[in-house]
Amino acid sequence: MTASFFDGSYGGDNAKIGPATRLECKICWHVYDPAEGDDYWQVPPGTSFAELPPHWSCPNCDGSRKDFMVIKDD
Ligand SMILES: [Zn+2]
């Protein structure tokens, strides 16, 4: 029996993401790209998703960071 997160979901597990991993909000499809940072929260470019401040949430819909989905580049 395996109780795992829905495949691809972040779920707060920083081991799933790297410094350049992009993630997508599963509610509104907003994409966080570490190369761009986040103007809304004044996050500088080059900040990985794991390094975002604890209060960070989706700048578009205010969704939880745990509700972001890992985007696989392959
Ligand atoms: Zn969102």
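**Note on the zinc site and its protein chain**

1. Along the chain, the donors of the zinc ion are spaced as C-x2-C-x29-C-x2-C. They are Cys-25 (SG), Cys-28 (SG), Cys-58 (SG) and Cys-61 (SG), lying 2.3 Å from the ion. Donors are N, O and S atoms within 2.8 Å of the metal (3.2 Å for Na, K and Ca); water is not among the atoms, so sites may look incomplete.

2. The model is predicted: local features need pLDDT of at least 70, side-chain atom pairs count only at pLDDT 80 or more, and totals for chains, interfaces and linings use all residues. Residues are numbered from 1 along each chain as its sequence is written, and side-chain values use heavy atoms, with hydrogens and water left out.

3. The arrangement is tetrahedral because the four donor atoms around the zinc ion subtend angles of 104 to 115° (for four donors, the term requires all angles between 85 and 135 degrees).

4. Cys-28, in the loop between strand 1 (23–25) and strand 2 (31–32), and Cys-58, in the loop between strand 2 and strand 3 (68–70), are 30 residues apart, and the pair links distant parts of the chain. Cys-28 is partly exposed at 22% relative accessible area, whereas Cys-58 is buried at 2%. Buried means under 20%, exposed over 50%, and partly exposed in between (1.4 Å probe, protein chains only).

5. The protein chain has three strands and zero helices, in the order β-β-β. Strands (E, at least two residues) and helices (H or I, at least four) are DSSP runs, numbered from the N terminus. Of its 74 residues, 38% count as buried.

How values were computed: Four donors count as tetrahedral if all angles lie between 85 and 135 degrees; four count as square planar and six as octahedral if opposite donors are over 155 degrees apart and all others between 65 and 115; anything else is irregular.
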